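Please walk through the structure shown below, one region after another.

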Amino acid sequence: MNADLMDIDRAVVDPGLYANPERYHALFRHLRRNEPVRWTAPDGFAPFWLVSRHADIMTAEGAAATYLNAPRAVLKPATIEEALSKTQGGHREMIRSMNNMDGDEHRQNRAITSRQFLLPAVNRMTEEIDALAVEFVDRLVARAPECDFARDIALWYPLRVIMSLLGVPKTDEARMLELTLQIFNDAPGTKGADKRGTVQAFFDYFRPIVEDRRANPRDDIASKIANAQINGQPLGDFETFSYFLTVATAGHDTTSSTIAGGLLALIEHPEEMRKLRENPACLDTLADEMMRWVAPVKHFFRTASADCALGGQVIRQGDSLMLAFPSGSRDEAVLAEPDAFRIDRTGNRHVALGAGAHACLGQHLARLEVKQFFKRLIERTDNFALTGPVKRTESLFISGVVNLPVRFTVI
Ligand code: HEM
């Protein structure tokens with residue numbers, strides 16, 4: 001028997017699993033079929049229900065009052081959760097942001113920027129995003145005939161998009177990149193104290209931007225956050241900086257991984273690359289298929305506010321649940337041929353962006369970024385091939401391709 005199936009508890013907390021899509025999907029195919037809501041109690045972690053089917057993920061997503069985001073949003077070793085719980089008033093996250101809030105507090109925090117991320121507002125950014133897509137495809141072209149696509153291009157383009165929304169100048173992007181990578185790194189040896197230092201460094205960085213937007217508010221997202229009020233009271237400093245950090249990190253690695261993993265999928269499926277070149281209408285469905293395929297966010301947690309039933313299991317009040325988005329996005333019960341990468345897939349019911357009250361706030365922006373990038377890419381380049389090994393991040397939370405050495409031609 002496959003070693004992962006003998007020790008599922010250990011496998012799901014092994015960051016290496018998330019850097020190996022074949023191993024991940026084999027394990028979760030088994031779980032969806034045999035133990036769709038599975039009690040999981042790995043050594044060194046507080047136990048949880050592992051939720052792998054699309055239907056059960058959607059049930060939890062759709063019942064936000066029963067399945068709470070607080071106090072546990074993301075998997076961490078028990079020692080770190082316990083230490084955080086003491087300093088964060090029962091919460092087990094280092095920051096206070098919308099993905100670990102519930103009810104009115106969540107709605108009010110999300111509302112601070114939600115209008116800026118709705119489709120009409122994002123559509124108004126098309127020209128700006130397109131100009132950045134052109135700039136980064138130019139950068140790719142300048143590196144022909146070979147480059148590391150993930151490190152040289154995919155990492156930087158979404159970073160520029162999100163940092164420009166947050167008021168970060170171009171010259172500081174390398175620093176921002178360094179901090180984001182540290183936040184998501186679960187590699188062995190990374191300590192809670194290191195991450196606390198990184199969070200503080202983020203906060204320190206954003207302080208002058210917040211002060212500037214308070215003194216000179218403009219029509220941008222940074223000003224909306226810096227001057228936000230809830231029930232007539234200004235947002236506290238901790239919440240303000242947490243907001244900046246959440247948007248900065250949520251909007252970066254996820255989209256970079258989708259673009260790098262998306263190009264890899266096109267290289268591995270040359271018939272899909274051909275389709276894209278022959279039928280530009282595929283640009284409208286490509287982003288969702290790439291998000292489904294790559295599913296860079298590996299999970300979010302929920303905690304039951306009352307006894308309930310899910311997938312045939314009795315969930316007790318206080319139990320926590322890990323929603324496995326990449327697994328739900330490959331569920332054969334709702335997707336035809338889920339293990340086929342098809343850029344013209346319609347009715348794509350993936351859960352790579354979550355759903356319900358906490359559904360990804362930046363989803364329209366992310367779709368636009370991916371679409372514009374590949375639109376510009378195929379205009380200028382062709383004949384992509386791998387020239388070396390592909391490397392993925394080892395992270396239990398957000399992971400994807402970090403090295404993608406490619407050869408290509410310029411057209
Ligand atoms: C391909 C790119 C992206 C993917 C795959 C992705 C995925 C996700 C997922 C799975 C969630 C949790 C949903 C849930 O709990 O139901 C989420 C939440 C969120 N995302 Fe994204 N995301 C992406 C891009 C972005 C971008 C560009 C932004 C920019 C602002 C963003 C901002 C957020 C925020 C603020 C939340 C928290 C929403 C809440 O709790 O109410 N994301 N995202």
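Which side chain meets that of R32 in a salt bridge? The partner is E332, with 2.8 Å between N and O. The model is predicted, and the distances given here are computed from it. R32 belongs to helix α3 (residues 21-34) and E332 to the loop between α19 and α20, so this pair ties together parts that are 300 residues apart in sequence. R32 counts as buried because its relative accessibility is 3%, whereas E332 is partly exposed, with a relative accessible area of 39%.

The structure holds 34 salt bridges. Another of them pairs E61 with R302, the closest N and O atoms being 2.9 Å apart. E61 is in helix α4 and R302 in strand β7, so the contact ties together parts that are 241 residues apart in sequence. E61 has a relative accessible area of 4% and is buried; R302 is also buried, with a relative accessible area of 4%.

Strand β3 is joined by two bridges to β7 (residues 300-304), and the two strands run antiparallel. Within β7, T303 is the bridge partner of L68.

The side chains of E178 and R175 meet at 3.5 Å, N to O. Both residues lie in helix α12 (residues 173-184), three residues apart, which is about one turn of the helix. E178 counts as partly exposed at 39% relative accessibility, and R175 is partly exposed with a relative accessible area of 37%. Elsewhere, E135, R160, K170 and E173 are linked in a network of salt bridges.

Which residue is the only protein donor of the iron atom of the ligand? It is C360, through its SG atom, at 2.3 Å.

Helix α20 has 18 residues, which at 1.5 Å a residue should span 26 Å; its end C-alpha atoms are 26 Å apart, so the two values agree. Among the buried residues of α20 are Q363, L365, A366, E369, F373, F374 and R376.

Some backbone details remain. A cis peptide bond joins A70 and P71, with omega about 5°, and P71 is in the loop between β3 and α5 (78-87). A cis peptide bond also joins A144 and P145, where omega is about 10°; P145 sits in the loop between α9 (126-142) and β4 (146-148).

A295 has a phi of about 40° and is found in the loop between α18 (283-294) and β7. At 1% relative accessibility, A295 counts as buried, the cut-off being under 20%. N383 has a positive phi of about 55° and lies in strand β11 (residues 381-386).

Notes: Residues are numbered from 1 along each chain as its sequence is written. This is a predicted model: local features need pLDDT of at least 70, side-chain atom pairs count only at pLDDT 80 or more; totals for chains, interfaces and linings use all residues. Side-chain values use heavy atoms; hydrogens and water are left out. Donors are N, O and S atoms within 2.8 Å of the metal (3.2 Å for Na, K and Ca); water is not among the atoms, so sites may look incomplete. Helices (H or I, at least four residues) and strands (E, at least two) are DSSP runs, numbered from the N terminus. The expected span of a helix is 1.5 Å times one less than its number of residues. Buried means under 20% relative accessible area, exposed over 50%, partly exposed in between (1.4 Å probe, protein chains only). Two strands pair if DSSP finds at least two bridges between them. A salt bridge is a side-chain nitrogen of Lys or Arg within 4 Å of a carboxyl oxygen of Asp or Glu.
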